[in-house]
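Please open the model in a viewer and keep the selection panel at hand.

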Amino acid sequence: STQVQLVSRPDGWPTAEDFRTVTVQLDDLGENQVRVANEFMSVDPYMRGRMSDAKSYIPPFVLGETMDGGAVGRVVASRSADLPVGTLVLHQLGWRDVAQADAGAFRAVADLPGASPSLYLGILGMTGLTAYVGLTEIAHLAPGETVFVSGAAGAVGTAVGQIARLLGAGRVIGSAGSDEKVALLKEKYGFDAALNYKTAPVREQLAELAPGGVDVFFDNVGGDHLEAAIDVMNDHGRLALCGAISQYNTTDTAEGPDNMVKFIKGSLSMRGFTLGNHLDKAGEYNEKMSEWFADGEIQYDETVVDGIENAVDAFLGLMRGANTGKMVVRTS
Ligand code: NDP
């Protein structure tokens, strides 16, 4: 099995030297074990946090050991009656092309007619559920409200824009890092307005795009985006803090927003969340999303990088915005 390991903890931006690719000889299958040929593995921003040893909500990657993360693959050898050869499975043994463990580490999922199983790593999986939980449980989106989402052209962001609309939002505004992404948000994803945060300050652009203010802010970016959103929040507005990717690779001290008094004046509320505390919503989400998906109401993009040997590049690319929609690595 070809596997990717973390060998040093990055300070600031990770580099290729922080990782190594190794070949691991797998043992014979034990009782109740299965061997899975991974088809796709996920690279996600939260993995940057696990490369550091700072205390967090998920334990850090262990130096010199194979990293893990979401993956989908097919059972190629089995000593478990529950998971016969050929079963498509979703699991957490990514960063390797072949995974082997007790059957309990894998969950059987249905083959998707006419769609790639990688969608289980994105819109039909963790990132889609994150968008749904943030909008419903955390921000309590109500019909007719105006939503602003930062990082709108990414995996979570494209889901937020569409789910907000399907839940009855009024105006939906997004931000992204290129003119191509901004055009895509408006043309493919149904955003009413979008801005390129690299061409002018978010604060100026957002004020122009949200003349009626914003009721729900879904933040994937932090920093300048959060500050700009606070400026335009309507009274009783809610801010769901999902991510702060603008800060994941900086070594500078992050500056806080200069407009916090707006929380008092406007009775705003802000709440951070991690998906792990809301997995009880998965059933409800899967039900709703399968219906929307089957009805053709859901668009998606994936940026697919080929080969486990390019997984580190895929991860670094994700941090720089090389992806549109979900970034995945094809491992078969
Ligand atoms: P994305 O697909 O959105 O990929 C990351 C994107 O971030 C890039 O495409 C890039 O797009 C953008 N980006 C990178 N640097 C900056 C910057 N300095 N300023 C603005 N944008 C930047 O990843 P995900 O959809 O998987 O994750 C999105 C966010 O959600 C992340 O912050 C992640 O940590 C968070 N998250 C949180 C969860 C939770 O439980 N709270 C669960 C899942 C995700 P661009 O070209 O537009 O710059």
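**The shell around the ligand**

The residues of the shell around the ligand comprise 15 nonpolar, 13 polar and two charged; in this grouping Ala, Val, Leu, Ile, Met, Phe, Trp, Tyr, Cys and Pro count as nonpolar, Asp, Glu, Lys and Arg as charged, and the others, Gly among them, as polar. The model is a predicted one, in which local features need pLDDT of at least 70 and side-chain atom pairs count only at pLDDT 80 or more, while totals for chains, interfaces and linings use all residues. For every selection, residues are numbered from 1 along each chain as its sequence is written.

Select Gly-154, Gly-177, Gly-243, Leu-275 and Gly-321: of the 30 residues around the ligand, these come nearest. A residue is near the molecule if its C-beta atom, placed from the backbone, lies within 6 Å of it. Next, show α2 (126–138), α3 (155–166) and α9 (311–320), each of which supplies at least two residues of the shell. Which helix gives the most to the shell around the ligand? It is α3, with three residues. Helices (H or I, at least four residues) and strands (E, at least two) are DSSP runs, numbered from the N terminus.

**Two domains**

Colour domain 1 (2–122 + 302–330) and domain 2 (126–276) separately; these bounds come from an automatic or database domain assignment. The C-alpha centres of domain 1 and domain 2 lie 29 Å apart. Their contact takes 14 residues from domain 1 and 18 residues from domain 2, where two residues are in contact if their C-beta atoms, placed from the backbone, lie within 7 Å. On the side of domain 1 that touches domain 2, four residues are nonpolar, seven polar and three charged. The shell around the ligand draws at least three residues from each of the two domains.

**The six-stranded sheet**

Now display the open sheet of six strands, which has the order β10-β9-β8-β11-β12-β13 with parallel pairing; two strands pair if DSSP finds at least two bridges between them. β10 (193–196) and β13 (269–272) stand at the edges with a single partner strand each, so one side of each has no neighbour in the sheet. On average, neighbouring strands of this sheet are turned by 15° against each other, direction ignored.

Strand β12 (residues 233–241) runs parallel to β13 and is joined to β13 by four bridges. Select Arg-238 to find Ser-269 of β13 standing opposite.

Axes are lines fitted to C-alpha atoms, for helices over the stretch in contact, and angles run from 0 to 180 degrees between N-to-C directions. Helix α6 (residues 224–232) lies across β8, β9, β11 (214–219) and β12, at about 170° to β11.

**Antiparallel pairs**

Finally, move to strand β4 (residues 71–78) and strand β5 (residues 88–91), which pair in the antiparallel sense over four bridges. Here Val-72 stands opposite Leu-90 in β5. Three bridges join β5 to the antiparallel strand β7 (residues 106–108), in which Ala-108 is the bridge partner of Val-89.
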